[in-house]
Amino acid sequence: MPEPMPMRQAPVGLVSGNRLLDHARLGANARRAATALHRAGIWQGDSVALLMRNDFPWFEATQAASMLGASTVPLNWHLTPDELAYILDDCDARATRPAGRPCHAWRYCC
């Protein structure tokens with residue numbers, strides 16, 4: 001059987017419009033976020049709810065939670081307050097990371 005090809009990292013990690021985030025910066029940002037989550041009391045098995053745009057910070061927060069053994073619960077900003085409350089109650093999130101810009105859902109989940 002032939003040897004498997006070695007894995008190589010792509011030169012660019014994430015692209016959003018004309019912005020680029022390489023693997024090294026993504027990892028560094030995720031480690032900082034993991035430290036902040038851990039200091040806030042997030043441990044293995046916990047859930048972290050994310051009310052964020054699908055952009056770099058979402059990937060960083062998702063990786064940060066994964067580094068701690070926590071799971072993420074993505075929340076869509078289009079949800080009604082009742083829908084958000086149901087999901088947050090059901091997932092038993094220990095922390096909620098709101099979006100960078102205000103939206104109607106903030107007051108119900110933070």
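Colleague: Which residues touch the most other members of the largest nonpolar core?
Modeller: This is a predicted model. In its largest nonpolar core, which has 13 residues, they are Leu37, Ile42, Val48, Leu50, Met52 and Leu68. Helix 1 (23-39), strand 3 (47-50) and helix 2 (56-68) each give at least two residues to this core, and helix 2 supplies the largest share, 5 residues.

Colleague: What makes these residues a nonpolar core?
Modeller: They count as one because such a set consists of buried residues of listed types, Leu, Ile, Val and Met among them, joined through side-chain atoms within 4.5 Å. A second, separate core has 8 residues, including Ala49, Leu79, Leu88 and Cys91.

Colleague: How do you know that strand 3 and strand 4 pair?
Modeller: Pairing needs at least two bridges. Here 4 bridges join strand 3 to strand 4 (residues 71-74), so the two strands pair. They run parallel. Alanine 49 has valine 73 in strand 4 as its bridge partner. From strand 3 the chain passes through helix 2 to strand 4, a right-handed β-α-β crossover.

Colleague: Where is confidence lowest, and where is it highest?
Modeller: Helix 4 (residues 106-109) is lowest, with a mean pLDDT of 39, and strand 4 is highest, at 93. The chain averages 81, and 76% of the residues score at least 70.

Colleague: What is the pLDDT over residues 101-110?
Modeller: It is below 50 there, although the stretch has 21 contacts in the model beyond near neighbours in sequence. Where pLDDT is low, predicted coordinates should not be read in detail.

Terms used. Residues numbered from 1 in each chain as written. Predicted model: local features only at pLDDT ≥ 70, side-chain atom pairs only at ≥ 80, totals over all residues. Heavy atoms only, no water. Buried < 20%, exposed > 50% of the residue type's maximum accessible area, 1.4 Å probe, protein only. Right-handed = clockwise from strand over helix to strand, strands pointing away. pLDDT = per-residue confidence, 0-100. Contact = heavy atoms within 4.5 Å.
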